Amino acid sequence: MTHRIFISRDASALALGADETAVALQVAARARGLDAAITRVGSRGMVWLEPLVEIENGQGQRIAYGPVSAAQVPELVSADLFNGAPHRLRLGRVEDLPWFARQERLTFARVGLIDPVSLEDYRAHGGYEGLRNALGMASAAIVQEVIDSGLRGRGGAAFPTGIKWKTVLEQPAAQKYVVCNADEGDSGTFSERMLMEGDPFSLIEGMTIAGIAVGATQGYLYVRSEYPHAIRTLREALAIARAREFLGEDLCGSGRTFHLELRVGAGAYICGEETSLLESLEGKRGEVRYRPPLPAIKGLFGQPTVINNGTSLASVPVILQRGAAYHRDFGMGRSRGTMPIQLAGNVLRGGLIEKAFGVTLRELLYDFGGGSLSGRPIRAVQVGGPLGAYMPESQFDTPLDYEAFAAVGAMVGHGGIVVFDDTVDMARMARYAMEFCAVESCGKCTPCRIGSTRGVEVIDRILRGEQRAVNLAQLEQLCETMQHGSLCGLGGMTPFPVMSAVKHFATDFARER
Amino acid sequence: MTASTDLPVATAIDDILDSLAGQPGALLPILHAIQARFGHVSSEHVPVIAKAMNLSRAEVHGVISFYHHFRAHPAGRHIVQVCRAEACQAVHGERTEEHARTCLGIDFGGTTADGQFSLEPVFCLGNCAAGPSVMIDETLYGRVSPERLDELLQDWRSRP
C-alpha cells in the first residue's frame with residue numbers, strides 16, 4: 001500500500017524546515033520498507049504549525065501533524081504516523097480545526113490542498129471552469145459579471161476591479177495589456193506569495209480572463225525579486241499552461257489569443273505603485289508617473305492597460321465559475337467578497353486567514369491569532385503595510401471593511417496585520433516609517449524625497465528631547481505637506497503611521513531616553 | 001552567487017544582448033541576466049548595454065543605480081539579507097540585525113575581508129508570520145535568533 005503524504009513547499013514552510021522533514025519522512029519510510037508518496041503542496045496558512053505533515057487515511061481524509069521537525073520524524077514514525085495514529089502532534093483534519101473551519105476560502109480554496117504545478121489537480125478542483133465560461137461570453141458580459149461581483153482591488157486602493165476593466169474595454173486600441181502587480185512589498189503581507197506558490201494557475205487564469213474581457217492579447221506578471229520560490233513556481237506553471245494551450249495563440253481551441261510573460265522586479269518598493277511598475281516594465285527607473293492619464297487609458301507602452309494586484313486577479317476565476325452573486329453575497333456594506341488576511345509579527349498563531357469582510361480586528365487578533373507570541377499584552381497593530389496607520393487597543397473592535405477603517409483614519413490595504421506587544425517603542429516605529437520612505441522614495445517629487453529625510457531628523461530631535469513641543473508641531477506640518485503634496489501613496493501615506501503613532505501613543509514621544 | 005566566467009566577457013554579454021534586447025522593455029531582464037552571469041553589472045558593461053539598447057550610458061547607469069537589487073561591484077561568495085521591516089521588528093529582528101553586523105564585522109552594504117559574505121538589508125521577504133527572517137543566497141530562514149544566525153553562518157561558511 002502506498003502512503004500518501006502532503007508537505008508544503010511554501011517559502012515559509014521551507015524557512016521552518018519543511019524540506020528536511022520531507023527527506024526524513026522518505027528515509028524513515030524506506031527504512032521500514034514502506035511505500036511513501038510525498039506530494040509537495042502550498043501552505044494551509046497555519047504558519048505556526050509548519051512544517052505541517054498531512055497523511056491520507058483509508059477514507060481519503062488527510063490527517064495533519066504539526067509542527068513536525070526532521071528530528072521528530074523517527075519518533076512519529078515509531079508511533080505509526082503513516083497510519084494516522086494518535087500522538088501529541090496529531091491535529092486531526094485541518095478542515096475540522098476551528099482556526100480553519102471558521103474561514104471562508106474562495107480565493108485560497110485550493111491553496112495547501114493541491115500540487116501547485118499540477119494542471120490536473122487544478123482542474124479537478126474547479127480550475128479553468130471560469131475561463132471556459134468566459135470564453136462563451138461577450139466581453140462586456142464578462143466585465144459586467146466582475147462589476148456585479150463587487151470585487152474591489154485587493155492591493156490597497158480598493159478601486160472596483162470591473163470599472164477599471166470597463167474603461168480599458170471601451171478604449172479603441174490595436175494593442176492593450178494586462179499587468180499583474182505582484183510586487184508585494186508591504187511588510188506583514190504574504191498572501192500573494194502564498195497564492196503564487198500554492199495555486200499559480202488561479203493567477204494565470206484570472207489574467208487570461210482579464211485579457212479576453214478587455215481585448216488584450218499580452219500580459220505581464222511582475223513579481224518582486226525577493227520571492228525566488230514564487231518565481232520558480234510561476235515559471236513551472238507558465239510552461240505547463242503554454243504547453244497545454246491555456247496560454248498562447250489559440251486558448252483552449254477558441255481562436256482567442258493571450259500571451260503571458262513573467263518579469264522580475266529588482267528590489268524597489270516603489271514599483272508596487274502601479275505607474276512606477278509600468279515604468280519598470282518598460283525598462284526604466286521606477287519613477288512614478290503623473291496622473292492623469294490613468295493606466296486604463298494610457299498605460300504600458302502608452303496603451304490601455306488593466307493593472308491589478310495578484311490577489312484581485314486570482315479572485316476572478318471563482319466569480320466567472322460560480323457567478324457574481326456568489327462572490328457578492330459575502331462581506332458587508334460596500335466591501336464585498338472575502339479578504340485574505342495575514343496575521344504577522346508578534347502573534348501566537350500567525351498565518352493566512354481568508355474571511356468575509358466584517359470580521360473585527362479583535363476576533364482576528366485573539367480568536368484566530370491567540371494573542372501575542374511573547375504572551376505580553378498587544379499594544380499596537382499596523383494594518384495594511386508600512387503606509388498603514390498604527391491602531392491602539394481602543395480601535396480593535398473596528399470591523400474589517402474599507403469604509404469602517406477609513407472612518408478611524410486607518411486602511412485595510414493589502415490585509416496584512418502586524419502585531420506588536422507592549423515592549424514596542426512607537427516613537428522608534430514612527431522614525432522607521434520616515435526612514436523607510438527615505439530609502440524607498442523614487443525621488444520624483446520633493447515632499448516625499450526631502451520630506452522623509454527631514455522627518456527622520458525631526459523625530460530624532462524629539463527622541464533626544466530637544467524642544468519637543470516645537471518639533472512635534474513641525475512634524476505635524478511636515479506630514480501635512482507630504483500627505484497633500486506627494487505624487488503617490490508613498491510620500492502621501494507615510495504620514496499615517498507617523499501621525500497615528502503620535503496621536504495614539506503620545507507617551508512614547510514624551511519620555512526621557 | 002558569483003558566477004564563473006568561462007567565455008570571454010564580451011561574448012557572454014553579446015549572447016545575453018542577442019537573446020533579450022529585442023523584447024519590449026528589455027533592460028531589466030538584460031541586467032538580471034548579466035548579474036546572474038557575472039555577479040554584478042560593472043561599469044565596463046554599461047557602454048555595451050547602452051549601445052545595444054540605443055540608450056545613453058547615463059540612462060543605463062540611472063536604471064542600475066535606481067534598483068537596490070543591482071550591484072555595480074562584486075559581492076562576497078554568499079549574500080546574507082536580513083529583514084529590517086516592521087513584522088520582523090515586532091519579534092525583535094533588530095537583535096538579529098545587530099548581531100549580523102557585529103559577528104560579520106561589517107555594516108550593511110559591506111563584504112567580509114575573507115570575501116565569504118556580503119551583508120544587505122531587505123525590506124520584507126514575505127515570511128512575516130515566522131520572523132525574524134534571513135535569506136542567504138536564495139535560501140530563506142525563519143525565526144532567526146542571534147544564536148540561530150551563528151549556526152547558519154557556520155554552516156554556510158563550511159560549504160564547498
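Predicted model: local features only at pLDDT ≥ 70, side-chain atom pairs only at ≥ 80, totals over all residues.
**Stop 1: chain B on its own**

Start by showing chain B and hiding the rest. Its C-alpha trace spans about 50 × 30 × 20 Å along the principal axes. Colour by secondary structure and you will find 7 helices and 4 strands in chain B. Walking from the N terminus, the elements of chain B come in the order α-α-α-α-β-α-α-β-β-β-α. Of the 160 residues in chain B, 40% count as buried. If you look at contacts in chain B between residues at least 6 apart in sequence, 57% of them join residues at least 24 apart.

Now select residues 9–66 of chain B, which form domain 1, and then 78–157, which form domain 2. The C-alpha centres of these two domains of chain B are 30 Å apart.

**Stop 2: where the chains meet**

Bring chain A back into view. The contact takes 45 residues from chain A and 33 residues from chain B.

**Stop 3: the domains of chain A**

Next, colour chain A by domain: domain 1 is 2–101, domain 2 is 119–327, domain 3 is 330–421 and domain 4 is 426–510. Taken over C-alpha atoms, the centres of domain 1 and domain 4 of chain A are separated by 47 Å.

**Stop 4: the nonpolar core**

Select A:V179, A:A210, A:A213, A:V306 and A:V381. Within the largest nonpolar core, which has 208 residues, these five touch the most other members. Zoom in on A:A213. Beyond its neighbours within four places in sequence, A:A213 is in contact with A:A134, A:S139, A:I142, A:V143, A:W165 and A:L169.

**Stop 5: a helix pair in chain A**

Finish with helix 18 (residues 426–440) and helix 22 (residues 495–504) of chain A, whose axes come within 8 Å and cross at roughly 165°. Because of that angle, helix 18 of chain A is roughly antiparallel to helix 22 of chain A. The crossing of helix 18 and helix 22 of chain A is left-handed. To see the contact itself, show side chains for A:M426, A:A427, A:M429, A:A430, A:A433 and A:M434 on helix 18 of chain A, and for A:P497, A:V498, A:A501 and A:V502 on helix 22 of chain A.

Methods. Residues numbered from 1 in each chain as written. Chains lettered and ligands numbered in written order. Core = buried A, V, L, I, M, F, W, Y, C linked by C-beta atoms within 7 Å. Buried ≥ 20, exposed ≤ 12 C-beta atoms within 10 Å, placed from the backbone. Contact = placed C-beta atoms within 7 Å. Domains from an automatic or database assignment. Axes fitted to C-alpha atoms, helices over the stretch in contact; angles between N-to-C directions. Helix = DSSP H or I, 4+ residues; strand = E, 2+ residues; numbered from the N terminus. Parallel < 35°, antiparallel > 145°, perpendicular 65-115°, else oblique. Left-handed = near helix turned anticlockwise from the far one by under 90°.
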